[in-house]
Amino acid sequence: MRKSYFLFSILLCAAFGMQAQNSVTVDASAEYIGYANVFETPANGEAFVFGDSWAVEDLKTVIDPAGGTITLQPNFNAYDAADPFWVDPATGLGNKFFEGNTFIEDASLVGSELTFSGGVASNDLDPSYETMAFIKVFNADFSVLKIETAPLVAGQNFSITYANVEPEDAVVQYGFSVYGRNANPDDEATLGSVVVVDQVLGVNEFDASTISTYPNPATDVLNVSAQEQITAITIYNMLGQQVIALTPDSNVSAVNVSTLRAGVYMAQIATATGSKTVKFVKR
């Protein structure tokens, strides 16, 4: 009976032009893939150098199925003081910027809308590194990438939805990335980490519809309103970098976004009982 209902649902979606929907959450027992993209440092122009498969353990991602946690760290594997490609001999600092991606690739999700959710148990990562959750969708030859992202904020749950389903979609990946300078293993303890789980317990339930933002797109001001006092407004770019942080003391706030570059941003609005993250366009 359940199988028949499932097939009927697929046929119904096809008949009425509706997209099938899937939901996944952080699963520390799943099989993860590692991939690295390597760039020149900002001082050297930030050009893309290469991308290649990378062992998850060499990305310094620690997956604990028993504890249900995934720990994300800066990369300490690509550091060789004797190799000027990886280490600047004059400064001893890493000589590349390393994007370590830890993700699941699931062919069964192709052609459907997808929501990826989880929670951030802790985040004490050094602010020079950027980290985010993502859904990436590629075409068959990987020449086109569509991506949805969410920042990883300590103590908060996250949820990302990919809805731009197209016939050319061929590969679906969801997971996490850490981006920043390839690091000296001696600094591992001080650079921190991010721990993600399936859900952060104790996060207060609240009605997200009571928080609104407008206009979208925004040119100079993004207005934020809520039925209760807004305690924090944090805006991130799509790399997960914090670009604006405010602590309003009322239930209405006008956020000056005039200095932001044109593009897509995420605004996280927090109140005493919960938070809501919205995507907006800066024009």
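## Ground rules

A polar contact here is a pair of N or O atoms within 3.5 Å; within protein, one must be able to donate a hydrogen and the other to accept it, and residues adjacent in sequence count only if both atoms are side-chain atoms. This is a predicted model, where local features need pLDDT of at least 70 and side-chain atom pairs count only at pLDDT 80 or more, while totals for chains, interfaces and linings use all residues. Residues are numbered from 1 along each chain as its sequence is written, and side-chain values use heavy atoms, with hydrogens and water left out.

## The whole chain

You're looking at two helices and 19 strands in the protein chain (DSSP runs numbered from the N terminus: H or I of at least four residues for helices, E of at least two for strands). The C-alpha trace spans about 60 × 50 × 40 Å along its principal axes. Of the 283 residues, 43% count as buried (under 20% relative accessible area; exposed is over 50% and partly exposed in between, with a 1.4 Å probe and protein chains only).

Take contacts (heavy atoms within 4.5 Å) between residues at least 6 apart in sequence: 66% of them join residues at least 24 apart.

## Lys96

Lys96 sits in strand β6, residues 96-105. Is Lys96 buried or exposed? Lys96 is buried, because its relative accessible area is 3%. A polar atom of its side chain lies 2.8 Å from the backbone oxygen of Phe85. Leaving out neighbours within four places in sequence, Lys96 also has contacts that include Val38, Phe39, Trp86 and Arg181.

## Gln173

Over in strand β11 (residues 171-181) you'll find Gln173. With a relative accessible area of 8%, Gln173 is buried too. Its side chain makes a polar contact with the side chain of Glu105, at 2.8 Å. Setting aside neighbours within four places in sequence, Gln173 touches several other residues, among them Phe103, Phe134, Phe138 and Phe142.

## Glu188

Glu188 belongs to helix α2, residues 188-191. Glu188 has 34% relative accessibility, so it counts as partly exposed. Not counting residues up to four places away in sequence, Glu188 is in contact with Gln73 and Phe76. The C-alpha atoms of Glu188 and Asn75 are 9.0 Å apart, although 113 residues separate the two along the chain.
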